[in-house]
Amino acid sequence: MRISRPASILFSALLLGLLVTLWNIYQLSLLQREHMSLHHGQVRNDDLGDSSMVKTSRAGDKPIFLIQGKNVDKGYLDHVIEVLEHVGYVRGDADSAWDVLWSHEYPFTVLQSTIQKMKPHQKVNHFPGTGFITNKVYLATSDIKYIPKAFSLPKQKTQFLEEAQQNPEKLWVQKSSSHRGIQVKPVKDLDLSQQDTFVQEYIRNPLLIDGKKFDIGIYATLTSVDPLRVYILHDEILIRFCPVQYHPIDFKVLDKYVVGDDYTPVWEMPSLKKPYTDHSMSFKETLNSYLRSQGKDVGFLYQQINEAIAGVFMNKNKNLIKSLERMKHKRIFFELMRCDFVLDEDLNLYLMEVNMSPNLSSAHFEGNSHLYEQVIFNTLSVAGIARNVPSNLSKQPSNVKDFQVSERDIAVPLRICSTKDCDSCEDWKCKLCLHCMREDTKEMLKGAYLEHNNRRSTRRVYPQSMTQEEATNHDEADDAALSLNDKLMRAWFREKCINDRSWCQ
């Protein structure tokens, strides 16, 4: 049977359409496989064991991040991985030309050889020496403002007994670095010979909300130690409530006064549920709203928080600088920590501990997922990792940093720079004049400039914020004991503040 010409044309068109469709499906399949390989198609590398690192078949020019930690497949770093991928990074393995290492454990023992081989463009999420801050014994016994009085055992046993005898009304709790076995006990029942422990004064009149004790977590990011620069997440906080009513107090029931993993979240508290759930307030604004309704001075609370966090880092800065000396590159580190506070009935603040590698998993409380994503994104941003130029850092053109920050951006109009006093550049203030400025000082100031522009919802707590009037009338004698870099850093921020109010905070 002979096929008519119209039918033949129709058949040919249908056949051609089918072939085109099959070709498009094939191309789409290739693109999908390429995408999955690039972003999600990661194969477990069993040789890496607990480090749980993975291989990525192709990264191209995208920056690469590396994850290190025990049992990462359990998901406790999923938010970190997701945020890094969303800002343009690809996950790699130990053999990758990686740009950022995020290690849950302190990496300077487990990954010592890797850290020592790092290049100037690479970043790692810990500073050497931060154990001086995050170790509970070291911190509690440092005699720092806002930290309840504590005594290291058994070394300060005699001093403690004298303090307890002179102040019999005080209550004491024995703690260890592992944060286990915490309980308020009579002095006679404390084990004062136990190594690596300390006794600390218990705050006996805690502020309660709906009858429950709570703590406040403030997220701090350390970006530099010489000079010192510290930021906190300004827009959000973590609030955790004890699961059991505080009164009548029974110190044998830890859930009355110790915040554990199974704490009560904000959205289950009667006085906070409505503003948080119905009005969609943040954790921070929910707490602020409640405190204002009780006649409390919220500004006083956050003033204390800023002072407390700055005070801790200032106190331990010499230890941090000393630990950094053995590192070849000094500007490759950043660190996220969480500072936990309690309040008494008069809104007086007490710093209880600073956590290295704080929990960032919302597996237990899904309602915390947005908070953790905010924390991670803002930390990566102020540290210069979540950037506007998402190319591989090692292949970044030399002029990319120049158009983000130039020498003109870091120049400040110091009157002394145009006088004969700075002809020789000997006066320390002259070292902020461009013609006297050393290359390492330029890099230091460029780093601070980029942090300020990339800070997003973080705010600087050191160098401290100031008003333009305070910056103008600053007494330089207050900085006499500081290192040269810290003096230069503080003076630079003051000059930037005087000329532009946005630099004051």
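The largest cavity has a volume of about 70 Å³, where a cavity is a set of points on a 1 Å grid over the protein atoms alone at which a 1.4 Å probe fits but cannot get out, and a volume is the space filled by probe spheres set on the points, which are joined across faces, edges and corners. The model is predicted, so that local features need pLDDT of at least 70 and side-chain atom pairs count only at pLDDT 80 or more, while totals for chains, interfaces and linings use all residues. Residues are numbered from 1 along each chain as its sequence is written, and side-chain values use heavy atoms, with hydrogens and water left out.

**Cavities**

- A search of the whole structure finds three cavities of 30 Å³ or more.
- Lining residues, defined as those with an atom within 4 Å of a point, include Trp 102, His 104, His 126 and Glu 335 in the largest cavity, to whose lining β5 (100–103) and β15 (335–343) each supply at least two residues.
- That lining divides into five nonpolar, five polar and one charged residues, with Ala, Val, Leu, Ile, Met, Phe, Trp, Tyr, Cys and Pro counted as nonpolar, Asp, Glu, Lys and Arg as charged, and the others, Gly among them, as polar.
- The second largest cavity holds about 40 Å³ of space and is lined by Ile 115, Gln 116, Met 118, Met 327, Lys 328, His 329 and Ile 332.

**Helix α16**

- Helices (H or I, at least four residues) and strands (E, at least two) are DSSP runs numbered from the N terminus, and α16 covers residues 484–499.
- Of the 16 residues of α16, 12 are buried, meaning under 20% relative accessible area with a 1.4 Å probe and protein chains only, and what covers them includes β13, α10 (298–324) and α14 (439–453).

- Arg 229, in strand β13 (residues 228–233), is buried because its relative accessible area is 4%.
- Beyond its neighbours within four places in sequence, Arg 229 is in contact (heavy atoms within 4.5 Å) with residues including Glu 451, Tyr 462, Met 489 and Phe 493.
- Tyr 302 lies in helix α10 and counts as buried because its relative accessibility is 16%.
- Not counting residues up to four places away in sequence, Tyr 302 touches Ile 237, Lys 284 and Asn 288.

Methods:
Buried means under 20% relative accessible area, exposed over 50%, partly exposed in between (1.4 Å probe, protein chains only). On a 1 Å grid over the protein atoms alone, a cavity is a set of points where a 1.4 Å probe fits but cannot get out, and a pocket is an open set with protein on both sides within 12 Å along at least five of seven lines; lining residues have an atom within 4 Å of a point. The expected span of a helix is 1.5 Å times one less than its number of residues.
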